[in-house]
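Work through the exercises below with the sequence and the model side by side. Try each task before reading its solution.

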Amino acid sequence: MVITKFVYRHSWKTNLINIKGIIRDSIAIMKLTREQSEEIRNQQSQSNKTKRVTAPELEKILYEAMPALDHGFVRVVDYMGDDTSIVQSARVSYGKGTKQVSTDAGLIKYLMRHWHSTPFEMCEIKYHIKLPIFIARQWIRHRTANVNEYSARYSILDKEFYLPTSENLAAQSTSNRQGRGDVLEGEQAKEVLELLKNDAERTYGNYETMLNERYDGSTIDENKKGLARELARMNLTLNTYTQWYWKTDLLNLMNFLRLRADHHAQYEIRVYADIMLDTLKKWVPITYEAFMNYRVGGTEVSAKGKIILKKLIKGENILMENSGLSKREWNELMEAFDLKDKLI
Ligand SMILES: Cc1cc2nc3c(=O)[nH]c(=O)nc-3n(C[C@H](O)[C@H](O)[C@H](O)COP(=O)(O)OP(=O)(O)OC[C@H]3O[C@@H](n4cnc5c(N)ncnc54)[C@H](O)[C@@H]3O)c2cc1C
């Protein structure tokens, strides 16, 4: 397979300007195959007339490959509906016709606040994602999407591995079993990076040997047969990149983004979720605002938590010990309401 270097010249800076924490990764030179670059050029040059609603801001970046991590990308390749589609379907349930934009925003906010979710299922979006296999394993847990993945039974995987930047090479967190702590430094950081790189390259070299074929499609030894692709792939490291088309509806996209753009999610999947948040904003700006307000920025408070907050507002002194909450839940509640002096 011929690989051409494709230096990203589009408006990625402006596209990603609001995406926190991922700019450094985006600067990496993204590789697209010649076929992919050509496909993007062809798709972007086409212009189809339609009677359907379109989202002007999303149209501007349709098909564009927005860089993620060192070799990955996110592309929006298709979508159906916009904010008005949600309103239209919601009004069916109320038996009223479409109204003004201001009332549309009010209705969308109402739907979001009250978990009236089915109108959000009326919009759909399809992405083309390139991502490391270990991130794909987390992603695939979101079952309410349609997925079609690059077949490593049929084709040879690209010789591309994710290697974290130095500031993302962190030690195991001591307080959270599922998280990262301080960044590794000096010799140890160098050693870890070398290990990651060497292991990936060594197993990829063995992959080529087993296939009897190099990643560029050339044969290694004319006198040998190559092992089946479906078997040769099994030794590859999990930082090898894969690709898929991922189609979902707006409701399930928001569920995905709420979980994966959150600081509890692993950094690498957050990079993708942050880019997709930006596409959400371009696609359905009113829904995006409601989503950021009620879901991302909002907080769920338990019944016990509400009692504690009410007492605190009244000036009563509450201690964790007699709150009925566990230490962890107490701290989460205090953090959510910026009551840091009450953290245990
Ligand atoms: C920070 C974080 C840490 C995680 N850690 C782990 C971990 O350690 N181990 C692990 O295994 N997973 C882990 N997960 C994955 C997590 O448990 C979910 O599987 C994942 O987030 C997908 O969420 P979902 O089921 O809501 O999404 P989807 O599969 O898209 O489902 C959306 C919604 O549809 C409904 N639904 C879909 N399918 C079914 C079904 N079969 N039955 C009933 N309802 C259904 C549910 O209401 C669900 O919320 C983690 C996720 C996050 C964000």
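## The chain as a whole

The protein chain has 14 helices and nine strands; helices (H or I, at least four residues) and strands (E, at least two) are DSSP runs, numbered from the N terminus. Residues are numbered from 1 along each chain as its sequence is written. The model is predicted, so local features need pLDDT of at least 70 and side-chain atom pairs count only at pLDDT 80 or more, while totals for chains, interfaces and linings use all residues.

**Exercise 1.** State the mean pLDDT of the protein chain, and find what the pLDDT is over residues 1-28.

*Solution.* 
- Step 1. pLDDT is the predictor's confidence in each residue, from 0 to 100.
- Step 2. The mean for the protein chain is 86, and 85% of its residues reach 70 or more.
- Step 3. Over residues 1-28 the pLDDT is below 50, and this stretch has 50 contacts in the model beyond near neighbours in sequence. Two residues are in contact if their C-beta atoms, placed from the backbone, lie within 7 Å.
- Step 4. Where pLDDT is low, the predicted coordinates should not be read in detail.

**Exercise 2.** Decide whether the buried residues of helix α10 lie on the same side or on opposite sides.

*Solution.* 
- Step 1. Helix α10 spans residues 250-260, and its buried residues are L250, L253, M254, F256, L257 and R260.
- Step 2. They cover an arc of only 160° around the axis, which puts them on the same side of α10. The arc is that of the directions from the helix axis to the C-beta atoms.
- Step 3. An α-helix has 3.6 residues a turn, so residues three or four places apart point the same way.
- Step 4. The cover over the buried residues of α10 includes β5 (124-132), β9 (241-249), α11 (267-283) and α12 (285-296).

**Exercise 3.** Compare the span of helix α3 with the expected span, and say how many of its residues are buried.

*Solution.* 
- Step 1. Helix α3 (residues 34-45) has 12 residues. The expected span of a helix is 1.5 Å times one less than its number of residues.
- Step 2. From first C-alpha to last, α3 reaches 17 Å, close to the 16 Å expected.
- Step 3. Of the 12 residues of α3, one is buried, so this helix lies largely in the open.

## Strands and loops

**Exercise 4.** Which residues does W244 contact, leaving aside its neighbours within four places in sequence, and which does D249 contact on the same terms?

*Solution.* 
- Step 1. W244 is in strand β9, and D249 is found in strand β9 as well.
- Step 2. W244 has 19 C-beta neighbours inside 10 Å and counts as partly exposed; D249 has 21 and counts as buried.
- Step 3. W244 is in contact with I129, V147, N148, E149 and Y150. From C-alpha to C-alpha, W244 and V147 are 6.6 Å apart, although 97 residues apart in sequence.
- Step 4. D249 is in contact with E121, C123 and E124. D249 and E124 are 125 residues apart in sequence and 4.1 Å apart in space, C-alpha to C-alpha.

**Exercise 5.** Is Y63 buried or partly exposed, and is L69 buried or exposed?

*Solution.* 
- Step 1. Y63 is in the loop between α4 (56-61) and β3 (66-68), while L69 lies in the loop between β3 and β4 (72-80).
- Step 2. Y63 has 18 other C-beta atoms within 10 Å and is partly exposed.
- Step 3. L69 has 27 other C-beta atoms within 10 Å and is buried.
- Step 4. Phi is near 75° in Y63, a positive value in a residue other than glycine. Phi of L69, also not a glycine, is positive too, near 55°.

How values were computed
Buried ≥ 20, exposed ≤ 12 C-beta atoms within 10 Å, placed from the backbone.
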